[in-house]
Amino acid sequence: QEISNNFASVLLRAGCKKNDIVVSEIMFDPFDGESEWVEIYNNSSYSLNLAGWTISDIVTPVKAVITNKNITIDKFEYAVITPDTNKFPYYPPNKFFQAKFGALGNSADGLIISDNRGMIIDSVQYDSNYDVGKGFSIERINYNKSGCDVSNWTPSLNYNGATPGLKN
């Protein structure tokens with residue numbers, strides 16, 4: 001009944017909207033001796049802390065934490081995630097993470113990106129309809145359209161076969 005000592009607290013985790021972070025490029029069939037990798041893009045107009053975010057393969061679901069550190073991805077910035085940073089054949093971008101998310105395979109698979117609350121922020125499905133050659137990535141055409149729409153992806157047109165950490 002004494003109102004001067006009343007106290008309540010709540011832990012509130014602010015979340016992101018769907019497609020604030022999107023999968024923007026996938027290397028699912030690299031050259032022998034090189035690692036698979038996934039590029040993500042901050043499609044929002046604000047910086048996002050990636051601490052506790054996960055990436056998961058769909059066929060062999062293995063949820064892997066992207067980072068446990070308080071690392072932000074700035075608005076309109078790219079980051080690359082790979083299971084083996086030592087086998088990444090390109091110059092590493094500013095935001096470069098190692099996470100063992102499972103084998104992507106080159107026939108039919110997909111990816112799920114979840115925030116620190118476990119909410120799915122983006123998902124992608126792909127199959128052999130993309131018709132890319134070994135060592136070429138697929139790149140998302142429009143970040144505001146579904147990653148599950150096959151017409152929203154194209155093989156990389158870059159002479160290196162991919163553009164990790166750079167605009168598609």
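**Entry 1: the open sheet**

In which sense do strand β1 and strand β11 pair, and over how many bridges? I looked this up before anything else, keeping in mind that I am working with a predicted model. Strand β1 covers residues 21–27, strand β11 covers residues 138–140, and the two pair in the antiparallel sense over two bridges. I then picked out Ile26 and found that its bridge partner in β11 is Ile138.

Next I wanted the whole sheet around that pair. Six strands make up an open sheet, and I read their order as β8-β7-β2-β1-β11-β12, with mixed pairing. The edges are β8 (96–98) and β12 (153–155), each of which pairs on one side only.

**Entry 2**

I moved on to β9, which spans residues 108–114. Its partner is strand β10 (residues 120–127), and the pairing is antiparallel over seven bridges. One position I checked across this pair is Ile113, which stands opposite Asp122 in β10. The two strands form a hairpin with five residues between them. In the turn, Gly118 has a positive phi of about 90°.

What does Ser114 touch beyond its neighbours within four places in sequence? My list reads Trp53, Thr54, Met119, Ile120 and Ile121.

**Entry 3: nonpolar cores**

Which residues have the most contacts inside the largest nonpolar core? They are Ile26, Ile40 and Ile55, in a core of 29 residues. I was glad to meet Ile26 again, having already noted it as the bridge partner of Ile138. The elements that give two or more residues to this core are β1, β2 (37–42), β7 (78–82), β9 and β10.

Leaving out residues up to four places away in sequence, Ile40 touches, among others, Ile21, Val22, Val23, Leu50, Ile73, Tyr78, Ile81 and Ile113. The list also includes Ser24 and Glu77.

There is a second, separate core of six residues, and I wrote down Met27, Trp37, Phe88 and Ala162 as being among them.

**Entry 4: aromatic rings**

I looked up the rings next and found seven aromatic pairs in the structure. One of them joins Phe88 and Phe96, with 4.8 Å centre to centre and 50° between the planes, which makes it tilted. The two residues carry separate burial labels: Phe88 is buried at a relative accessible area of 9%, whereas Phe96 is partly exposed at 24%. Both residues belong to one aromatic cluster, together with Trp37 and Tyr90. Trp37 and Phe88 are also among the members of the second core.

**Entry 5: cysteines**

How many disulfides does the structure hold? I found zero. Cys16 is in no disulfide, and the nearest cysteine sulfur belongs to Cys148, 19 Å away.

**Entry 6: backbone and loops**

Most residues other than glycine have a negative phi. Asn19, in the segment before β1, has a positive phi of about 70°. Phe76 also has a positive phi, of about 60°. I placed Phe76 in the loop between β6 (72–73) and β7, and with a relative accessible area of 48% it is partly exposed.

My last stop was Thr60, in the loop between β4 (54–57) and β5 (63–65). Thr60 is partly exposed, at 40% relative accessibility. What does Thr60 touch, not counting residues up to four places away in sequence? I listed Phe101, Gly102 and Ala103. Thr60 and Ala103 are 43 residues apart along the chain, with their C-alpha atoms separated by 7.4 Å.

Note on methods
Residues numbered from 1 in each chain as written. Predicted model: local features only at pLDDT ≥ 70, side-chain atom pairs only at ≥ 80, totals over all residues. Heavy atoms only, no water. Pairing = 2+ DSSP bridges. Helix = DSSP H or I, 4+ residues; strand = E, 2+ residues; numbered from the N terminus. Contact = heavy atoms within 4.5 Å. Phe/Tyr/Trp six-rings, centres within 6.5 Å; stacked < 30°, edge-to-face > 60°. Buried < 20%, exposed > 50% of the residue type's maximum accessible area, 1.4 Å probe, protein only. Disulfide = S-S within 2.5 Å. Core = buried A, V, L, I, M, F, W, Y, C linked by side-chain atoms within 4.5 Å.
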